[in-house]
Amino acid sequence: MDAILQILRDEGYSVSNELASYYSYVDLWQKWWEGYVPSVHDYSQVILDGSIRTFKRYRMNMAKKVSEDWANLLLTNKTLINVDDEVSQQYLAGDAVEQNEGVLGDNHFWENANLLVENAYAAGTGAFVLRVKDAQLKGNTLTGGKVKITYIDDAAMIYPLSWDKGEITECAFGSVKYIEGKRHLYLEKHLLTATGYKVVNEYYNYEQEKPVKVAVPEGLIEEFQIDCKLFYVVKPNLANNIYKNSPLGLSVYANSLDQLAACDIAYDNFVYDFVLGRKRVFMNQDIISMKDGKPNLSETMETRLFYSMGQKMPNENQLFQEYNPALRITENKEGIQTALDILSANVGFGQSRYSFNDRTMTTATQSKLSNKDLTESVAKQRVMIEEVLKGLVKSILWLGRNIIGEKVNEEAKVTITFDDSMFQDIDAEKAQFLQEIRDGIRQKWEYRVKYFGEDEETAKGMVQQDEEIEFPEAE
């Protein structure tokens with residue numbers, strides 16, 4: 001990260017200290033997503049012999065859970081991207097419902113996009129970057145090839161060069177590459193021009209302390225001009241209260257680090273009450289098997305349960321005494337639940353998203369249908385996701401028509417239909433809709449528009465096509 005920032009400064013780009021220092025927050029949020037923050041999860045205690053030992057807390061890893069949940073609420077394979085041009089739709093994704101073919105299918109879009117959103121909501125920023133694989137350079141522009149979607153899911157590899165009110169207009173993307181066993185830095189810069197963008201690819205040998213610029217690998221075009229934006233940044237739709245004018249996003253749990261720590265501290269106490277509260281039996285030495293004048297515990301008993309007290313039992317006639325400490329299960333569960341409720345509210349889910357009271361830490365089902373805070377937060381976040389997806393699709397179609405030569409329409413209308421099944425009983429709603437069709441209240445094509453994401457013209461055509469097919473009568 002520091003090396004790439006220095007390269008950009010050496011090339012004359014202005015990288016403010018404020019922006020450079022922001023990456024330290026990105027690193028902290030990333031550590032929470034990974035589940036281990038030394039300053040929180042390592043702690044020291046003085047033990048009986050007076051020495052100090054370091055212990056690690058038991059952890060719930062709620063930062064990753066929160067990020068996963070946001071990704072699953074915002075972008076999954078149940079999200080529908082529809083283009084109102086059949087050729088363009090087929091080129092983009094194939095079937096309008098399954099959407100596992102075309103450019104999206106070739107690039108395993110749905111699984112990778114979901115992971116990208118998870119990482120972007122954890123560390124604050126991610127990006128889709130379009131490239132044209134196997135393209136040729138004709139003059140200063142590309143021709144041929146096929147569209148490749150690159151998923152930049154590491155916020156530390158995104159370096160804004162120009163921005164306006166948080167919207168990144170020029171950007172560099174870094175990554176580490178190994179060529180013949182040697183480490184290299186790959187820097188891809190997207191620079192705004194009067195007509196579009198100039199894309200510059202650079203490689204640096206990073207075996208030494210200071211990176212040394214080298215030729216790009218064979219097959220990679222060093223520089224080209226294109227009249228289309230090829231990158232789209234994903235970040236939570238949140239005001240940045242750490243760096244107000246930052247082009248980089250804010251982690252969805254950036255203001256909830258204390259709540260994440262509270263969850264882990266409460267859970268650590270819950271586990272340790274079981275560790276420290278296990279049953280013990282203190283025994284009189286007279287009933288312990290002896291061997292060569294020493295207690296033969298391995299033949300006598302399970303050593304973690306029984307403890308020899310010599311002949312110093314409270315009652316001289318007493319052979320053993322049980323010790324059963326209280327485990328404080330109810331108090332611990334209430335503490336964990338309180339920490340989860342506060343965290344859930346802080347990250348936009350409302351207070352009832354998570355439950356620790358059903359023997360496992362699960363997502364509360366009923367909260368999906370009744371949580372007003374959650375529905376409002378999801379609607380707010382989808383504004384940003386929808387804008388990114390529409391821009392990405394437009395650029396894919398532009399590349400398809402102008403670079404690759406496909407007969408697609410980059411001006412076609414793009415519609416994004418999000419999966420709302422978590423907020424409603426879809427099966428019951430579909431059944432009601434079908435009943436209304438049978439009652440003559442609704443038309444068949446309306447069903448396809450609502451649940452298949454088709455436009456009105458396509459839906460009517462599909463219904464007419466189905467009605468023209470003669471199905472054999474059931475025997």
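Which residue forms a salt bridge with R401, and how far apart are the closest N and O atoms? The partner is E410, with the closest N and O atoms 3.9 Å apart. R401 is partly exposed at a relative accessible area of 44%, whereas E410, at 15% relative accessibility, counts as buried. The model is predicted.

The count of salt bridges comes to 20. Three of these pairs, including the one above, are tabulated here.

| Pair | Closest N and O atoms |
|---|---|
| D268 and R57 | 3.7 Å |
| E118 and K64 | 2.6 Å |
| R401 and E410 | 3.9 Å |

D268 forms its salt bridge with R57. D268 lies in helix 8, and R57 in the loop between strand 2 (52–56) and helix 4 (62–74), so the pair ties together parts that are 211 residues apart in sequence. Both D268 and R57 are buried.

E118 forms a salt bridge with K64. This pair also links distant parts of the chain, with E118 in helix 7 and K64 in helix 4, 54 residues apart. E118 is buried at 5% relative accessibility, and K64 is partly exposed at 25%.

Apart from these pairs, E11, K189, E202 and K213 are linked in a network of salt bridges.

Helix 7 (residues 109–123) also crosses helix 12 (residues 372–404): their axes come within 14 Å, at an angle of roughly 135°. That angle makes helix 7 oblique to helix 12. The crossing is right-handed.

L276 belongs to helix 8 (residues 257–276) and is exposed, with a relative accessible area of 57%.

Technical notes. Residues numbered from 1 in each chain as written. Predicted model: local features only at pLDDT ≥ 70, side-chain atom pairs only at ≥ 80, totals over all residues. Heavy atoms only, no water. Helix = DSSP H or I, 4+ residues; strand = E, 2+ residues; numbered from the N terminus. Buried < 20%, exposed > 50% of the residue type's maximum accessible area, 1.4 Å probe, protein only. Axes fitted to C-alpha atoms, helices over the stretch in contact; angles between N-to-C directions. Parallel < 35°, antiparallel > 145°, perpendicular 65-115°, else oblique. Left-handed = near helix turned anticlockwise from the far one by under 90°. Salt bridge = Lys/Arg side-chain N within 4 Å of Asp/Glu carboxyl O.
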